[in-house]
Amino acid sequence: MAGGGCGLSPLGPAPPMWYHRDLSRAAAEELLARAGRDGSFLVRDSESVNGAYALCVLFQKHVHTYRVLPDDEGFLAVQTSQGVQPKRFKTLPELVSLYLQPSQGLVTTLLYPVDREETVLSDDRDYSDGEDEKPPLPPRSASTSTPPGPDTTPAANGLSTISHEYLKGSYALDLEAVKQGACSLPHLNKTLVASCKRLNGEVDKVLTGLEILSKVFDQQSAFMVSKMIQQSVNQGGDQELENLVTKLAILKDLLSSIEKKALKALQDMSLTSPCSPPLHSMRHSKAIPVQAFEVKLDVYLAELTKIGKSQKYTLSVDVEGGRLVVMKKVKDNQEDWITYTHDKIRQLIKSQRVQNKLGIVLEKEKDKSQRKDFIFASAKKREAFCQLLQLMKNKHSNQDEPDMISIFIGTFNMGSVPSPKSVASWVLCRGLGKTLDEMTVAIPHDLYVFGSQENSVCDREWVESLRAMLKDQTELDYKPIAVQTLWNIKIAVLVKPEHENRISHVGMSSVKTGIANTLGNKGAVGVSFMFNGTSFGFVNCHLTSGNEKIARRNQNYLDILRLLSLGDKQLSSFDISLRFTHLFWLGDLNYRLDMDIQEILNYINRKEFDPLLKVDQLNLEKDKNKVFFRFVEEEISFPPTYRYERGSRDTYVWQKQKATGMRTNVPSWCDRILWKSYPETHIVCNSYGCTDDVVTSDHSPVFATFEVGVTSQFVSKKGLPKSSEQAYIEFESIEAIVKTASRTKFFIEFYSTCLEEFKKSYENDTQSSDNINFLRVGWSNKQLTTLKPLLSEIEYLQDQHLLLTVKSLDGYESYGECVLALKSMIGSTAQQFETCLSHRGEETGKIRGSMRVRVPSERMGTRERLYEWISVDKDETGAPKGKSTMGPRAGHEYVKSLGELGKVSEEGERSNKDETAARYTTENQFLTLCFFVCSLRPKQEAANSDSSISKNSYNNPAYYILEGVPNQSAAAISAELLPSPTSANPQAAKAPHPTASARTKPPCPSSGPPPQRRPMTGLSVRTISEEGSPEDDSAAAAQAGSVGATVGSTLNRPPPDFPPPPLPKAALEPGSEPPMTKPRTLHPDLAEVRIPSAPAAPPVLGEVFRRGGAGGGALDDQSCSVLQMAKTLSESEFSGPPPPRAPSAPPLRGQPLGLGLDACRTFPPRNPITESIAEDMPEEALWGSSSSSLSVGESSVGEWLQRLGLERYEQGLLHNGWDDLEFLSDITEEDLEEAGVMDPAHKLILLESLRQQQQK
């Protein structure tokens, strides 16, 4: 804080109650909104200037912010307009006292101070449930920064004692000798000799050690060293002290020159001796043996009669030799094999629906390729095969720098006891959960990140034990690049020797969140660095414990997010969740399970984790967007890691006797690993689990491994761009909805590593508000600056990202930040974008716009990345057999000069033209979803769920509130975009929409009757804030269907690519008033929603966005915003996946927003190719048919089995390759038994169902 002019504190003798320290801007606005009276005010720290303050005043429901800045002399003054003389004050109370008087230049007089809420100290007194009753003291010799080195604890040499004795006694004798004319001080000399006795011995030891090196590299220095050592034996007194000084001088010269002389000697030797192998070649890990995989060939229906239903193959991967051998058994036990070199393996295509199925595209001969699909023994075997092939590709690549690295991350609460002698299972990812296959478990990772809590071992000993363990497992000497410690919370990062020079800009930091945020028994440590051109951040934390202390843990997280000083200092406007390409957060987060202990134990014994994960506090808080906004966590498939009985993993200890009584600690997933990455980057979690054999602590170690795409330090082959070859980043318009009660003007700052410096826009030229808690601001093209990247190559630009922060003109404080990927914006036409704004870890609004990245044709060359070599076949679920599509491959295929592969063979081969078309279709389907998706509850869907039914703002009621479109308008979608189901299938229209369970496999878009879309004819509408249930929705659907199918009035329509959510029953029944457990006060503009009588015009670009929010909920302890109400509505009304979107012709480019498919795309489709499953199937298949037990509309084996009540056999059939209904026509009893169907009655039911279908 800035000091006052006379050395006084700027806050006066004691901080006044209206001073709220580091309160966030959003929280300050909420406090003032609760106060509700004009003239209410508070003062907080400024978020934009250190040492400055922000005076926040409420007037006419708007918050006005004034900056209070210190000058060079430490006086404080409210920032004024240019030319106005500011009034200066020594302290804040003096400044506030002036503005308590009327007519002082503020918008209103300061009348009602809003006092801060003092936290109760006892709330912080939490020392952990399973820890000691007192917080552990920090280790005495803890390193808190650089990699471990020699012990720096100073050794006592007795100097202070000897010096004290000299000054007390011998000093007088020397003084007397000087008075008598002596020219020396014998007693002082004697004192110095005694004091330096140990130093003398240490210098001799060092010189003796250096003597050997000197004899090899520097004969002259070696002679001097030997002579000095011999002379020091018989010398004493004055000569001994003088000799010590000489030896120190020689030691200094020797140390400073020996490296240069050694280098010269070795260079001379290298000229005369034969070349030796490079040093790094001797540090490679042990060779990877050839691995063989037993698989079955998955063939098309037309080929079953030719080659039989099941063909067994063996795939052998030779990583070191760069070969893949495909071998199959033929008659008389003979074998037939084909060998493919690494450059002949064109692509791997993972099936998303069948987890153990993999397609391999192989180059048979020039310009011809062939795809073969194989069924592996398990999904884990498939992943191991892919990892080995990727490793082989990388090993034999001609690229100088890697495209992808593997990262191990581990977290372990050690329980204040030393770790066991071996924790090999931890680093090898062996144990419970999602683990690595034994074939790949020993492959060394590029980076190892270890986080520990309650670690009482000193830093150097801990890191050396980790290095020794890694060397035992990998035969590599990993290099520590960073170690950071806060008391007993530690993080260490180790890297492969070959990558050591690729690491730069290493940063470290720590934050205390213990008692009163001053003790380090709780808190976080962090490390950040650059790996070539990719930024990484790692945070290891230990949060407050206790079942009931959720709010305290949430605050711990927010404090760490705000205070941890990592990454680029120029990005101070952004919290650490946006400063890094990849941020990993690990540690003992201490979130617990909200369930009775006996129920928890029962679920754990049955290995049923889904019910427990639904009551996991971290998941619940994430769903509310209170913590870890937009972070991702891999699915948990291992038991809770806390609180075990030490010495065993068989028993949870859930009771502990304390002074305050019996304490219950329910088993919980306290130890977690989450991550957040920039959009359109490559990251895959290959494992996430815990060990089951490390029993020294009451926690189990947790591990995760990641495959991460990285970029190199790009060097342009064409040099700096000329003016004619300059790339440009151009914006057509930007609009934002900001959660604020302020009505100031705003500007945007743009940051990127591809820019020479950050750029600013002009202030917004449009501004409106339909709700007191939200402000809509817009910038036209003339207000937005054109950005010029440092380099213009597309290969460089497609890896770059742009950071945006929306700042106010009054306080220069950020109201929200976001990140955009340039990759999807490259092209000659502008592309749309939309994403969420966040600030200090909380969602603060949304931003959308139109932009393009214009790249000159001379700079359009690019290449395929290693991680693009493996794709996911997302269209497989609906594609007919024999028309398999190639999986999507990231990147800009339209600028690659790959050439056409030409014709392909009949065995599943296809041309590159079809491949590219399929990629475009799949990418655009996926990115269409991503474009307008700004989910209020961003929850990662299961891996096997269809991306088209993921929750987002546009298929749940939250969208209509945020955009100012009433929920009821969903029913008014025009017929040309959403055809009436009654016209296509009358029977389907009568069927009620089934309620989907959270864990039920979603239906295929092409199967089953679509849900009834409810018309709105002559119905009065109640408030949209009331909650409805799924049962209400079904009843409302039936009632609406009986009213009629004609839309009486057309409303402003939401984007057509997303079907409307079901309406609550309350919206259709004006007379019913269901009781509400928690009544909420509504803002006036939400009290009534009316349907306009006249049809509204179709929305143009930004039209829907400008119509505004429809109000917020009551001002309570959670939120005073429409965002909170939207979340509540979403939680209460969303009961299942939305109905499928009807196929429509692709709209013309340039069509207004909301009128067509292209308006929602962020990837530029150069040659739109419509590959719709609907075009290849009859109408009966699209809308479903209930007349048979097996129809074409049933697009999965699982749905057929579910209809028969035999869904238990789905996994067995899929595992054996029976993954398509067209296969099942030839299945036999023997095949059913192999798939696990042993019950004769069940076999009869299945075969009879198939026989009836064949007769139709």
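I call a residue buried when its relative accessible area is under 20%, exposed when that area is over 50%, and partly exposed in between, with a 1.4 Å probe and protein chains only. On that scale I looked up Phe580, which is buried with a relative accessible area of 2%.

The model is predicted, so I took local features only at pLDDT of at least 70 and side-chain atom pairs only at pLDDT 80 or more, while totals for chains, interfaces and linings use all residues. Residues are numbered from 1 along each chain as its sequence is written, and side-chain values use heavy atoms, with hydrogens and water left out.

**Around Phe580**

I placed Phe580 in the loop between H12 and E21, where helices (H or I, at least four residues) and strands (E, at least two) are DSSP runs numbered from the N terminus. Its C-alpha atom is separated by 9.2 Å from that of Phe529, which is 51 residues away along the chain. I then followed the chain into strand E21, where seven of its seven residues are buried. Strand E20 (residues 534–542) runs parallel to E21 and is joined to it by seven bridges; two strands count as paired if DSSP finds at least two bridges between them. Within this pairing, I noted that Asn540 stands opposite Leu586 of E21.

**Aromatic pairs**

I found 32 aromatic pairs in the structure, a pair being rings of Phe, Tyr and Trp (its six-membered ring) with centres within 6.5 Å, called stacked if the planes are under 30 degrees apart, edge-to-face if over 60 and tilted for the rest. Because Tyr448 belongs to strand E15 (residues 447–453) and Tyr478 to the loop between helix H11 (459–474) and strand E16 (479–486), the pair ties together parts that are 30 residues apart in sequence. Tyr448 is buried at 2% relative accessible area, and Tyr478 is buried at 0%. The rings of Tyr557 and Trp585 also have centres 5.1 Å apart, but their planes are at 50 degrees, so that pair is tilted. Tyr557 lies in helix H12 (residues 550–563) and Trp585 in strand E21 (residues 582–588), so this pair ties together parts 28 residues apart in sequence. I checked their cover as well, and both Tyr557 and Trp585 are buried. One aromatic cluster is formed by Phe408, Phe412, Trp426, Tyr448, Phe450 and Tyr478.

**Charges over rings**

I counted a charge as over a ring if NZ of Lys or CZ of Arg is within 6 Å of the ring centre and within 35 degrees of the ring normal. Arg88 lies over the face of Phe75, 4.4 Å from the ring centre, and the charged end of Arg553 sits over the ring of Tyr591, 5.2 Å from its centre.

**The sheet with E1**

Which strands form the open sheet, and in what order? I read five strands in the order E4-E3-E2-E1-E5, with mixed pairing. Strand E4 (76–78) and strand E5 (112–113) stand at the edges with a single partner strand each, so one side of each is left without a neighbour in the sheet. Strand E1 (residues 40–45) and E5 run parallel and are joined by two bridges, and I found Tyr112 of E5 to be the bridge partner of Ser40.
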